[in-house]
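Hello,

Here is the structure I promised to pass on.

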Amino acid sequence: MTTTVSTGPAAGGVPAPPTSGGDPVRGVNRLFAVRELGIGLALVLLIAITTVVNPRFLSGQSRKDLMLGATILVVLAVGQTIVIITRNVDLSVGSILGLAAFATGKLFLAVPGAPIAVALLAGIALGALCGIVNGALIAVARVPALVVTLGTLYVFRGLDFSWAAGQQINAADLPTNFKNMGTATVLTVPVLALFAVAVLLLAGFYLRSYRGGRELYAIGSDPAAARLHGIPVGRRVFGALVVSGALAGLAGVLYAARFGTLDAAAGTGIELQVVAAVVVGGVAIFGGSGSVYGAALGALLLSTIGGALPVLRVAPFWQQTVVGALILAAIGLDRALAARVARRLRGRKARDA
Amino acid sequence: MPEHDRPDRPLLALTGASKSFGAVDALRDVSLDLHPGEVHALVGENGAGKSTLVKILAGVHQPDEGVLTLDGDRLSLTGPAGARAAGIAVIYQEPTLFPDLSVAENIFMGRQPLRSLRRIDGRLMRHQAEELFARLGVHLDPDRPARGLSIADQQLVEIAKALSFDARVLVMDEPTAALSGVEVERLFSVVRSLRDAGAAILFISHRFDEVFALCQRITVMRDGRRVSTDPAGELDVAELVRRMVGREISQLFPKTESSPGEVVLDVRGLTRHGVFDEVSFQVRSGEIVALAGLVGAGRSEVVRAVFGVDRYDAGEVSVGGVRVPGGRPSAAIAVGMALVPEDRRQQGLVMELSIERNATLTRRWSLSRYGLLGPGVERRAAAQWLRRLQVKAGRSTDPVSTLSGGNQQKVVLAKWLSTTPKLLIVDEPTRGIDVGTKAEVHRLMSQLAAEGVAVVMVSSELPEVLGMADRVLVMHEGRLVREISRADADEESVMLAATGQASPGSEPAR
Amino acid sequence: SDEGDTPSGGSNAAAGGAIRAGLKVAFLPKQVNNPYFTVSDNGGKAAVAEFKGEYKEVGPSEASASSQVSYLNTLTQQGSDVIAVSANDPNAICGAVNQARQGGAKVVTFDSDTNKDCRDLFVNQVTGQGIAENQIKLISDAIGGEGKIAVLSATANATNQNAWIELMRTELKKPAYAKIELVTVVYGNDDDQKSFQETQGLLASYPDLKGIVSPTTVGVAAAARYLSTSQYKGKVALTGLGTPNQMREFVTDGTVRSFALWNPADLGYLAAYAGAALASGMISGKEGETFTAGKLGEYTIQADGVIVLGPPTVFDAANIGQFDF
Amino acid sequence: MTPDQTGRSGGRLSALGSWDVVVIVVLIAVIIGSSVLVEGFASPRFWGFLLLDVFPIALIALPMTLVVITGEIDLSVASVLGLSSAVMGQLWFLGLPLPLILPLVVLLGALLGAVNGLFVAGFGLPSLAVTIGTLALYRGLAYVVLGDRAVADFPFDWTGNAIAALPGTTVPWVSLVVGGLALAFGLVLHATPVGRSLYAMGNSDQAAVFAGISVARTKFWLFVLTGAVSALAGLFWTLRYASARADNGSGLELSVVAAVLLGGVSIFGGRGTLVGVVAGVLLLTTLRNALQLADVPADTLTVVTGTLLIISVVGPNLAGMLRARLRRRRPRASPVAG
Ligand SMILES: Nc1ncnc2c1ncn2[C@@H]1O[C@H](COP(=O)(O)OP(=O)(O)OP(=O)(O)O)[C@@H](O)[C@H]1O
Ligand SMILES: Nc1ncnc2c1ncn2[C@@H]1O[C@H](COP(=O)(O)OP(=O)(O)OP(=O)(O)O)[C@@H](O)[C@H]1O
Ligand SMILES: [Mg+2]
Ligand SMILES: [Mg+2]
């Protein structure tokens, strides 16, 4: 690749690309990959230590529990990443999840024999509807997503509460095959986790290899420039929020399948966990960079911490403290790596001179 | 395209366009024809309405009145996407890149080459970007993120982007403002070849030599109206200036001789690894010292470090014999430094803040009494300087972002000149400023020097450097390679040094 | 769901004839929309209907003491005659309760008490001692009187939970339970998901755990749900306080042998009657006074103004079919 | 929002100070409306209760306004409040005298704020992420300090006096403190060089640095201030409810942020006024308490809060768009001022 550009006049004075032949982007990308690697490493370390302390941590059941525990957070984190990449945020996911989970219960109460696919579609549709409300407000009125979704966090939860009116739906009310989906495994991998994996791969593929996906990054990187560029910013942001809502709806159905007992409070406060997972996963909170894989790793790390601390017999009162400290450590580490990237860019310049 | 041979049939025509922003009439009944195979220049003072016109052609603004036709068919644009689809490529006055994305992606965003399943073909995209850069004669790595590119490099990416469209109409709003001679020449040869291939091109610049070198026809604008459109051959610079400004400009570089006093700024061995090395120089009071060099030579980085915005790894800076601690602009201001930065939108101004607050931001403490800023204090303080620099603005409480590029630059100048500095550093002080104001800025700088202020001027405009400087310091790739006195400074000597061909032994005095 | 019980109770209520008609009775649960409190408040509603008062339920949607204070203030201003409140914090709402009483309201706590000197009466579902004895007995039976057990509680600050757990520790010191070891207490925050995960954590960290006691309805249901789908089903015993509707499935499928609970509807019912009796001047709240609480019959006020609903009902496969709440 | 504004000030669409006027008008409308419609609303007693409810949110909203105007956010405030409360309880439990405990706890709050400040201003990390971390961390520490215990035996001298009213009124004397602080914050924000620099850095960090503003240092001290004031709110909370517990004030951060945003502060920084925020805090609490008094269920209150928040951002924007459209339709013949 150096051959195509080596013809410039010497008088150009503009620094020539490095002659080492190394692909610099790959260099940059490699460093970014290190971010994800770092989280992965932390995860492995955590699992290793916990397993040494208590070998049962990796027993079949426990492994299954870990995967199940991460499932819902991963699904939400993927949706959240798509939104955050566009320099927006969706704080209403917890409320949407609660609404969809309760709706699933209601559906089965009304139609006891409803097929699982119908429940999934209904949950996704309801979530998408909530996402449409968010997206329309944000895109049409051009207002900050944080405020709108903080508002709908309250609104959706309030609606959920009035709808439920103190009712609780018990496991006994749910059809057996639906509950079985919550525990069934394929080759030791829980079915619910497969949903998360599918969502993750689809989103990852789209964001990396499709024009629409790249436009999301462009919007987050500089919304004004994106407008000048003719990117349909409103439509894309709208789309991102609808996807996030739909995924939260899906997460609600998965929640119903996994926990079985449903009331209007399902998923309360999970939004901060999701944002934390995404940020820990190296997605820039101000948009433009990061990947769903990182976010998924972040979610996995957080939920594994949640699972490992009781096993490590960390006193219950210390658990939240540890989670907070780890969030700080993760974003601190991320910044350190980013600084290294920046220094490398500068260093490259030095070599050119 | 058979129309090529019929100059009477414009490719793109704007007729009777008007546009107002609130109380400001940016455009009034302006008509403009762009013909295939022709480069059309648009000149005018700051705030004359050039960029507004560009944005109408680009679909960013919808005109309040007026019609746009393409090939004689009416074209109504609702957004930039429409203009793009109609084959109009635009380079905006201010670069609009996505900092997190790679240079190649910036060029091809939304038009990335695809492979099976409509996936993006990253390799092909990189390859095409390299070809574009080769055409422009620039060595930019398509894979590096756009973040951290200098203004000039950003502008080059914008140019590459516009070229990649193979557009029928190319609109360029001050594409050369940040470029130095070499890049400009490269750009022109590319533009000429596009023109010869039948494209219609609109070119905006405040540099008349460029206008006359490139353009076949020239439209002059003033106060939102079109003054005239004539073939370039029938005009000369003086006439152009008269039409733009409405009067004669007697002297563009009103340099008054001054006798340098004692040393004000003393920079010793300043080093920031990877950016500049061992930079040492002195500036005396009453002296204008120009920092010349090619784009990317590191001049801006040096002055930023001197002012304390960037940290440096070694060396020291002192003003009036007192050492200035690094990394703290407030300390620099305290000893009487002022820096007019090169990027007014990011660094010079707080875009959403009002004009008056911007103009007085640096004086917020000195204007306060008992720590309090009374009502109207800032307005009165700002008004004086805005008048002095002839800033064209609706209301001084409007956000500074509503000003035209040149008027924004004047606000930056007002903000710093009003601090009555001992040492004034200006980085590309007249970038995007029209002739009239440019002369005014130059006069101001001369006057300040005459009053004993030490002035450091970074400029990529050779005439400005030669016209204004008492001494020229030339940088090349992060090093100070030569010092040239006013008497010895000419285009050739500066360019030789800037391209690294300075004869040994002419190292600047330490 | 408890509507079926009330009509028959109506005729019995004749004994409460001295209750003033038109009393304004307000229920202030720890949290509205909590199914447990919905049931108990509906019990109160039925009682208020019987003595022809005005019933209302108000409360925060999140279980916090500060919002309860705000609601108490509102009720004070509205001039409620009786306030039945389940305290989120024994101390924090005391000031507001006192203001309400100064404003003329009678304040009865139920389910979760405040400091005894700021309310008029406390309607206790059972004595703490009763719960502790019951729960330890149930778990001991379930694990064969030997092995490690753990407690899955609600929030770390829940007054009644903490009191019960202390009493359970004391109960375990009895020789009959010498071979049972309480290894840890974990908190599910009365949150289904958290309780679920805490159960998971318990089983992973204590491989030789024999049994779990969860004296909270949310916790026991979540734990049962986890156990029933895990490899530990049938190997690790579970008991606690739960509602028959929630637990039916797990008793039927063998995850849980037996569990206990009082009837929450009766709890609200009794609280309403106690408050009404106070407000009508039938009782003053002193130890030894008696009053009739509609269909539930006669109750005696015990020391410290406490009224005890009665011993908890134990549910198992044999009798669970008879209950619906 | 009124039609006559349409013609007057096109250029002031995005200018400061238009939304806060709306909030004040709505607040007054709510007060008048509720006085007529809701029994008991007009009583002095209601206002005594209401003010006590307002204080914690109002207190924290003051420094939060400054923080949000600089483009940052602090979500850890409620956890700082909780940890302060827990530490206060523990120190009292250990036998320290309250006059010593109070300054110690405020100092602790400042320290906790300094940790936020260090991460945000010192290391340049995004404050949203940092304070989500410290939100968990500080709340966790509160549990570590006090566990499941509650310390409630504060002397009545203190707890009673904390909520005592000014002689002859139902207005708590703390109103004077909160009011005074609000005045001070308002003055700093709107009439001092420091306030100017806060707006500048909220709009553009980089431009502020070039203007000689010590952005990092200022932000650091803002976080310290926020921590200290949150601790102060924690002290008040503990004395008011006479109960030091680890979970005191949990979830309050969202109410504070909601009130600040409702008051017209832009979440992206650089815009908003303190008057607007005070009006926003009052509007939120007054409306809630009034509806509560009118026996509106909690679910509906939640929905109302959310809707209000959405309207607070959507309203001005839609009004602006409408105005712009009207102006475009207006015949060009009409003379334009200026
Ligand atoms: N978005 C806007 N809002 C309000 N006024 C605007 C806006 N954009 C431009 N203007 C005003 O319109 C007039 C024309 O501005 P324009 O940017 O077109 O000037 P220009 O000829 O490009 O000047 P320069 O040479 O300085 O770039 C100026 O007075 C400017 O203040
Ligand atoms: N933040 C940054 N990160 C990485 N590289 C940078 C950054 N800022 C500038 N550079 C690089 O440093 C080099 C020196 O830039 P500088 O702006 O000092 O050059 P200059 O001589 O002033 O040229 P110009 O005429 O463009 O201002 C540029 O080539 C630019 O690409
Ligand atoms: Mg322009
Ligand atoms: Mg420069």
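A cavity here is a set of points, on a 1 Å grid over the protein atoms alone, where a 1.4 Å probe fits but cannot get out; lining residues have an atom within 4 Å of a point. This is a predicted model, where local features need pLDDT of at least 70, side-chain atom pairs count only at pLDDT 80 or more, and totals for chains, interfaces and linings use all residues. Residues are numbered from 1 along each chain as its sequence is written, chains are lettered from A and ligands numbered from 1 in the order written, and side-chain values use heavy atoms, without hydrogens and water.

**Largest cavity**

The largest cavity has 16 lining residues. Nearest its centre are Leu228(A), Arg84(B), Val90(B), Tyr92(B) and Phe165(B).

**Ligand 2**

Ligand 2 sits between chains A and B. Its shell holds 16 residues (a heavy atom within 4 Å). The closest are Gly298(B), Arg299(B), Ser300(B), Glu301(B) and Glu342(B). Domain 1 (3-97 + 149-246) and domain 2 (263-498) of chain B both give residues to this shell, so ligand 2 lies between them (bounds from an automatic or database domain assignment).

Now the atom pairs. The side chain of Arg299(B) places an N or O atom 2.5 Å from an oxygen atom of ligand 2. For a backbone N or O atom of Glu301(B), the distance to a ligand 2 oxygen atom is 2.9 Å. For one of Ala297(B), it is 3.0 Å. The protein covers 83% of the 630 Å² of accessible area that ligand 2 has on its own (Shrake-Rupley method, 1.4 Å probe).

Best wishes

Terms used: 1 Å grid on protein atoms, 1.4 Å probe; cavity = no way out; pocket = protein on both sides within 12 Å on 5 of 7 lines; lining within 4 Å. Polar contact = N/O pair within 3.5 Å; in protein donor to acceptor, adjacent residues only side chain to side chain.
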